[in-house]
Amino acid sequence: MSRIGNNPVSIPQGVDVNVDNNVITVKGKLGELTQTISEGIALEIEDATITLKRASESKTHKAQHGLMRALIYNMIEGVSKGFTKELELVGVGYRASNQGQKLDLALGFSHNIVLELAPEVKVETISEKGKNPIVKLTSYDKQLVGQVAAKIRSFRKPEPYKGKGVKFVGEQLRRKAGKSA
């Protein structure tokens with residue numbers, strides 16, 4: 001069983017943490033995030049560290065203990081440093097471009113896919129000659145940036161024979177052998 005919930009979370013310089021009723025608010029240089037704390041979990045803030053205590057040893061309280069610690073850590077990490085996901089478009093004629101918060105993808109369909117992104121997510125497209133186009137998503141909200149990246153990947157998942165499609169940078173694909181003549 002994981003003991004993640006017992007690890008203290010350190011609060012870096014420039015990050016402000018407030019607890020009001022069952023809601024924790026984290027403010028930093030990149031933004032502000034709020035999260036509702038589960039029942040049975042108590043927060044203690046002292047000397048720039050947050051420790052979480054659970055009410056009982058029940059299975060649900062143990063699970064919520066680790067989850068809340070991970071969510072609070074990700075909130076603090078996000079508002080201080082931010083999160084980045086990079087997607088690579090593998091395939092002939094696959095292109096990506098953006099105008100502000102509109103991402104325009106050409107993924108081999110009869111039409112281009114235009115995706116309007118949330119204002120919290122910053123998008124950047126990198127197209128170099130001879131290399132696959134890369135879509136770079138940056139945000140202070142880890143959950144949101146992961147959700148947007150998964151949505152973009154779902155438009156054209158990598159296929160197992162040639163590896164064409166939208167994949168995460170550094171992702172290892174399981175490849176299959178094709179027909180042998």
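The structure is a predicted model. Three strands make up the open sheet, in the order 2-3-4, and their pairing is antiparallel. Helix 1, residues 59–80, packs on this sheet.

**The open sheet**

- Strand 2 (16–20) and strand 4 (32–36) are the edge strands, and each of them pairs on one side only.
- From one strand to the next, the twist averages 15 degrees.
- Strands of a sheet pair through backbone hydrogen bonds, and the pairing can be parallel or antiparallel.
- Strand 2 and strand 3 run antiparallel and are joined by five bridges.
- These two strands form a hairpin with two residues between them.
- Asn21 lies in the turn of that hairpin and has a positive phi of about 55 degrees.
- Strand 3 (residues 23–27) is also joined to strand 4 by five bridges, and this pair runs antiparallel.
- Ile24 in strand 3 stands opposite Val19, and the bridge partner of Ile24 in strand 4 is Gln35.

**The helix on the sheet**

- Helix 1 touches strand 2, strand 3 and strand 4.
- The direction of helix 1 makes about 170 degrees with that of strand 4.

**Leu103**

- Leu103 counts as buried because its relative accessibility is 0%, and the cut-off for buried is under 20%.
- Leaving out residues up to four places away in sequence, Leu103 touches Ser97, Asn98, Ile113, Val114, Leu115, Leu117, Val123, Thr125, Val135 and Ile152.
- Leu103 and His61 are 42 residues apart along the chain, and their C-alpha atoms are separated by 41 Å.

**Ser139**

- A polar atom of the Ser139 side chain lies 3.2 Å from the backbone oxygen of Glu120.
- Glu120 is also among the residues in contact with Ser139 when neighbours within four places in sequence are set aside.

Terms used:
Residues numbered from 1 in each chain as written. Predicted model: local features only at pLDDT ≥ 70, side-chain atom pairs only at ≥ 80, totals over all residues. Heavy atoms only, no water. Polar contact = N/O pair within 3.5 Å; in protein donor to acceptor, adjacent residues only side chain to side chain. Contact = heavy atoms within 4.5 Å. Pairing = 2+ DSSP bridges. Helix = DSSP H or I, 4+ residues; strand = E, 2+ residues; numbered from the N terminus. Axes fitted to C-alpha atoms, helices over the stretch in contact; angles between N-to-C directions. Buried < 20%, exposed > 50% of the residue type's maximum accessible area, 1.4 Å probe, protein only.
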